[in-house]
Amino acid sequence: MPSIRPSSDLRNNYNEISQFCHQHGEPVYITKNGHGDLAVMSIETYERLVGKFELYKLLDEGMDAMAEKKVRPFRTVLADIQEELNNE
């Protein structure tokens with residue numbers, strides 16, 4: 001169940017909101033005049049979320065490359081990497 005709090009709680013109960021975000025790893029939804037306004041989360045939760053988006057973007061690029069036949073066999077790529085490492 002999402003935690004929904006009024007915007008006044010950010011000022012009056014900041015430590016409680018921070019503790020909830022860190023303990024549960026979930027955002028707290030902040031309302032303003034009865035309507036959704038913000039989502040507050042811990043840095044750890046934010047970084048995990050951003051990491052997922054970055055991974056999804058890379059996977060999407062890979063899927064596009066496959067669809068466009070812009071791929072090479074894994075063994076060929078690995079051999080190229082080994083060759084570059086040996087030339088350093």
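These points cover the sheet, the helix across it and the salt bridges of a predicted model.

1. The sheet. Three strands form an open sheet in the order β1-β2-β3, and the pairing is mixed. β1 (3-6) and β3 (35-40) are the edge strands; each has a single partner, so one side of each lacks a neighbour in the sheet. From one strand to the next, the twist averages 35 degrees.

2. The β2-β3 pair. Strand β2 covers residues 28-32 and runs antiparallel to β3, with 5 bridges joining the two. Thr31 sits opposite Gly36 of β3.

3. The helix. Helix α2 spans residues 14-24 and lies across β1, β2 and β3. Its direction is at about 145 degrees to β2.

4. Arg5 and Glu16 form a salt bridge, with 3.0 Å between the closest N and O atoms. Arg5 belongs to strand β1 and Glu16 to helix α2, so the pair ties together parts 11 residues apart in sequence. Arg5 counts as buried because its relative accessibility is 15%, under the 20% cut-off. Glu16 is partly exposed at 43%. Asp9 joins Arg5 and Glu16 in a network of salt bridges.

5. Other salt bridges. The count comes to 5 salt bridges. One of them links Lys70 and Glu68, at 3.1 Å from N to O. Lys70 is exposed, with a relative accessible area of 60%, whereas Glu68 is partly exposed at 49%. Arg72 and Asp80 also meet in a salt bridge, at 2.7 Å from N to O. Arg72 is partly exposed at 49% relative accessibility. Asp80 is partly exposed at 29%.

Terms used
Residues numbered from 1 in each chain as written. Predicted model: local features only at pLDDT ≥ 70, side-chain atom pairs only at ≥ 80, totals over all residues. Heavy atoms only, no water. Pairing = 2+ DSSP bridges. Helix = DSSP H or I, 4+ residues; strand = E, 2+ residues; numbered from the N terminus. Axes fitted to C-alpha atoms, helices over the stretch in contact; angles between N-to-C directions. Contact = heavy atoms within 4.5 Å. Salt bridge = Lys/Arg side-chain N within 4 Å of Asp/Glu carboxyl O. Buried < 20%, exposed > 50% of the residue type's maximum accessible area, 1.4 Å probe, protein only.
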